[in-house]
Amino acid sequence: MRKLYNFLLATVILLSGSVTAFAFDIRCMHIDMRTEVMTIDALKKLADKAAQGGINAIMMEWEATFPFEENSTICNDEAYTRDEVKEFVSHCASLGIDVIPLQNCFGHSEYILRHERYASIRESKKDFSQVCPSEVEKAKKIFRSIFAEIVALHPSKYIHIGGDETRLLGVCKKCASKVKKDGKSKLFCDYVIAMCELAREFGKTPIIWADILTKYPEHADRLPKDLILLDWNYGWDINKFGDFRKIASAGFPMWGAPALRSSPDDIHTTQWMKHFNNLRDYVPFVRDLGFKGIVETSWSTSGVYGYIYSAQSQAFEIQPVRQVYPLSAFGILQAAFCEAASSDKPFEPEDFIRRYCSSNYGFDSEGQDAMLAYFNLRQSVIPLTKPSEIELELSDSEAVLSRLASLKPKANKEEIEHFRLMLAIRVNYLKFRLIESEYESSSFKASDKARLASALKPVLKETLSLQKRFCKLNEGYLKHPERAFNDWTYIGHMKNILRNLENRI
């Protein structure tokens with residue numbers, strides 16, 4: 001990846017004549033409220049630390065937790081009050097932090113489109129993730145009302161209007177006809193232009209994610225030139241979505257986005273070094289390209305949902321199919337982002353981790369080695385067909401967990417408890433995967449049920465104990481910690497398998 005970055009950077013230097021290192025004008029943290037909803041006190045403390053690290057913006061993806069009034073149908077039972085949102089925005093302002101709202105109005109709009117009130121702008125009758133870009137006037141009426149409520153509590157000059165992962169472009173008959181005639185780029189850009197016009201009605205500068213425009217750039221020149229494109233790259237080839245250079249040189253102001261939490265992270269999986277290396281490689285790359293802003297994204301879920309439908313295709317409930325460990329455990333990556341975003345010096349993960357562990361926990365070299373061993377665990381996604389690989393990773397994880405258990409931090413003990421719990425959950429999950437691999441194998445037969453049930457029971461008991469630890473440790477941080485590690489994670493699957501195994505018929 002570094003070689004590709006260097007090649008592209010050299011190309012830019014040849015085209016422009018020079019590249020000047022600079023500090024990002026916007027140094028921003030993104031907070032995702034789709035699941036794992038934080039308390040206002042936790043949000044304010046996060047802002048305090050962010051300000052200390054040189055962060056001057058927070059991008060809030062409130063979703064259904066925003067206190068809508070005219071559109072109160074959208075609100076869920078964890079919605080904040082208007083006074084709470086005002087309190088948070090005011091607190092951030094006192095720290096020199098601009099709170100930028102992220103209001104999806106195209107893709108990732110399940111939390112809106114699930115309601116019959118907004119059914120007229122769905123692209124699909126079964127997948128409620130996307131607004132139909134052919135229903136521009138209907139969408140403008142709805143989102144004019146939604147935008148009005150959002151901007152009333154956010155004095156920021158910016159509004160992020162989403163636009164990423166619009167995977168359903170061309171699905172409905174109207175859109176399919178337009179795509180056949182003019183292609184997906186025009187369909188996408190026509191709709192984005194309409195939403196930019198809405199943003200302008202409220203005096204806001206719009207921001208969109210850059211992935212779809214990078215993939216379908218043919219009509220990009222029709223978009224307003226002050227539209228900010230936010231390129232997200234979590235450690236992959238820079239041309240993953242399309243010809244990156246074409247968009248990067250199209251004249252739009254651009255911001256970049258590495259990730260603190262992203263796929264395949266889950267409640268039982270955190271690929272730490274992937275995120276550290278993402279900062280090492282991507283942040284200096286976009287700085288040298290002249291990007292004006294950098295946003296550390298932090299996804300509490302993948303944004304893919306399961307639906308419970310009625311016979312009339314009404315969505316009674318939606319549930320994220322993947323949830324990750326809460327932000328309460330990620331202070332070290334937040335600090336790493338602050339350093340990488342605020343300094344022109346190369347960011348070296350191991351050096352940073354050692355310094356952080358020394359200054360924040362008081363660890364000597366032995367303690368630092370133990371933490372490095374934890375962060376360097378692969379935490380890979382292993383198929384059930386490879387039990388030997390599961391066994392190997394389980395053995396490695398248990399050995400590191402034993403090292404973490406012996407650590408005696410002099411400060412910030414709660415952070416270490418989060419690491420211990422995260423790894424204990426990982427170990428527990430791998431134990432379950434070993435049992436599951438046998439249960440799902442072609443050699444499994446009825447006579448194996450009693451033995452496997454006997455093996456699974458203590459693992460489930462341990463899981464439920466870890467669940468209690470999780471809720472206690474995140475009490476006061478999340479509004480409802482019990483929802484973040486529940487039966488929609490691997491716990492429910494484990495319980496189902498145990499019920500099947502205990503059925504002797």
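**Entry: His-108**

I began with His-108, which is buried at a relative accessible area of 7% (buried means under 20% relative accessible area, exposed over 50% and partly exposed in between, with a 1.4 Å probe and protein chains only). I noted that His-108 has a positive phi of about 50° although it is not a glycine, and I found it in the loop between strand 3 (98-101) and helix 4 (110-113). Helices (H or I, at least four residues) and strands (E, at least two) are DSSP runs, numbered from the N terminus.

Before going on, I wrote down that this is a predicted model, in which local features need pLDDT of at least 70, side-chain atom pairs count only at pLDDT 80 or more, and totals for chains, interfaces and linings use all residues. Residues are numbered from 1 along each chain as its sequence is written, and side-chain values use heavy atoms, with hydrogens and water left out.

**Entry: Glu-63**

I then looked up Glu-63, which has a positive phi of about 50° although it is not a glycine. Glu-63 sits in the loop between strand 2 (57-61) and helix 3 (82-94), and with a relative accessible area of 6% it is buried.

**Entry: the cis peptide bond**

Which residues does a cis peptide bond join? I found that the bond lies between Ser-263 and Pro-264, with omega about 5°, and that Pro-264 belongs to the loop between strand 8 (259-261) and helix 10.

**Entry: helix 10 and helix 12**

Contact means heavy atoms within 4.5 Å, and here it is made by Met-273, Phe-276, Asn-277 and Arg-280 of helix 10 together with Pro-349, Phe-352 and Ile-353 of helix 12.

**Entry: the nonpolar cores**

I met Phe-276 again in the largest nonpolar core, which has 152 residues and in which Met-38, Phe-143, Phe-276 and Tyr-374 have the most contacts. Helix 15 (residues 413-439) gives the most to this core, with 13 residues, and apart from it lies another core of 19 residues, among them Cys-28, Ala-57, Ile-228 and Ala-257. A nonpolar core is a set of buried Ala, Val, Leu, Ile, Met, Phe, Trp, Tyr and Cys residues joined through side-chain atoms within 4.5 Å.

**Entry: Ser-185**

Is Ser-185 buried or exposed? Ser-185, which lies in helix 7 (residues 184-201), is buried, with a relative accessible area of 2%. Its side chain reaches the backbone oxygen of Tyr-216 at 2.8 Å, and, leaving aside neighbours within four places in sequence, Ser-185 is in contact with Tyr-216, Pro-217, Glu-218, His-219 and Ala-220.

**Entry: Asn-486**

Last, I looked up Asn-486, in the loop between helix 16 (449-473) and helix 17 (490-502), which counts as buried at 18% relative accessibility. Not counting residues up to four places away in sequence, Asn-486 touches Gln-323, Gln-467, Ile-491 and Gly-492, while a polar atom of its side chain lies 2.8 Å from the backbone oxygen of Arg-483.

Conventions: Polar contact = N/O pair within 3.5 Å; in protein donor to acceptor, adjacent residues only side chain to side chain.
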